[in-house]
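Have a look at the picture first, then read on.

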Amino acid sequence: MSPTTIAAAAIVIVGSIALVVVGNLFRWDMASPGYGRWTRVVGAACVVLLAAVAAWSRMDEPLVAAL
């Protein structure tokens with residue numbers, strides 16, 4: 001497996017665990033403001049990290065990495 005695949009899989013796994021932790025902290029009350037806020041934070045962080053991994057995998061192609 002390539003390092004980028006391992007990194008992407010690790011991000012998805014950690015993000016999934018973080019969502020379970022947030023859900024347990026707020027007792028799965030989807031109407032609570034804290035639950036909504038922290039699930040968005042976890043989701044946004046995962047998307048940004050996955051984009052960084054994708055850009056890192058294309059480091060030898062600067063135009064593709066920047067886009």
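What covers the buried residues of α2? Part of the answer is α1, which is included in that cover. Keep in mind that this is a predicted model, so every value here is computed from it.

**How the two helices sit together**

- The axes of α1 and α2 lie 10 Å apart, and the two helices pack at an angle of about 175°.
- Angles over 145 degrees count as roughly antiparallel, and α1 and α2 are therefore roughly antiparallel to each other.
- On the α1 side, the contact is made by P3, T4, A7, A8, I11, V12, G15, A18, L19, V22 and G23.
- On the α2 side, the residues making this contact are Y35, W38, T39, V42, C46, L49, L50, V53, W56 and S57.
- Sorted by class, the contact of α1 with α2 has 16 nonpolar residues, five polar ones and no charged ones.

**The nonpolar core**

- Six residues make up the largest nonpolar core: I11, V22, Y35, V42, C46 and V53.
- Two elements each give two or more residues to this core, namely α1 (3–25) and α2 (33–57).
- The largest share, four residues, comes from α2.
- Here is a background idea to go with that: in soluble globular proteins, nonpolar side chains tend to be buried together.

**A closer look at α1**

- The buried residues of α1 are I11, G15, V22 and G23, and they pack against α2.
- After α1 comes R27, which has a positive phi, near 55°.

**A closer look at α2**

- Counting 25 residues, α2 reaches 36 Å from its first C-alpha to its last, close to the 36 Å expected at 1.5 Å a residue.
- The buried residues of α2 are G34, Y35, G36, V42, C46 and V53.
- Is G43 buried or partly exposed? G43 is found in helix α2, and its relative accessibility is 31%, so G43 counts as partly exposed.
- For a sense of distance, find G43 and A54: they are eleven residues apart in sequence and 16 Å apart in space, C-alpha to C-alpha.

Note on methods
Residues are numbered from 1 along each chain as its sequence is written. This is a predicted model: local features need pLDDT of at least 70, side-chain atom pairs count only at pLDDT 80 or more; totals for chains, interfaces and linings use all residues. Side-chain values use heavy atoms; hydrogens and water are left out. A nonpolar core is a set of buried Ala, Val, Leu, Ile, Met, Phe, Trp, Tyr and Cys residues joined through side-chain atoms within 4.5 Å. Buried means under 20% relative accessible area, exposed over 50%, partly exposed in between (1.4 Å probe, protein chains only). Axes are lines fitted to C-alpha atoms, for helices over the stretch in contact, and angles run from 0 to 180 degrees between N-to-C directions. Angles under 35 degrees count as roughly parallel, over 145 as roughly antiparallel, 65 to 115 as roughly perpendicular and the rest as oblique. Contact means heavy atoms within 4.5 Å. Ala, Val, Leu, Ile, Met, Phe, Trp, Tyr, Cys and Pro count as nonpolar, Asp, Glu, Lys and Arg as charged, and the others, Gly among them, as polar. The expected span of a helix is 1.5 Å times one less than its number of residues.
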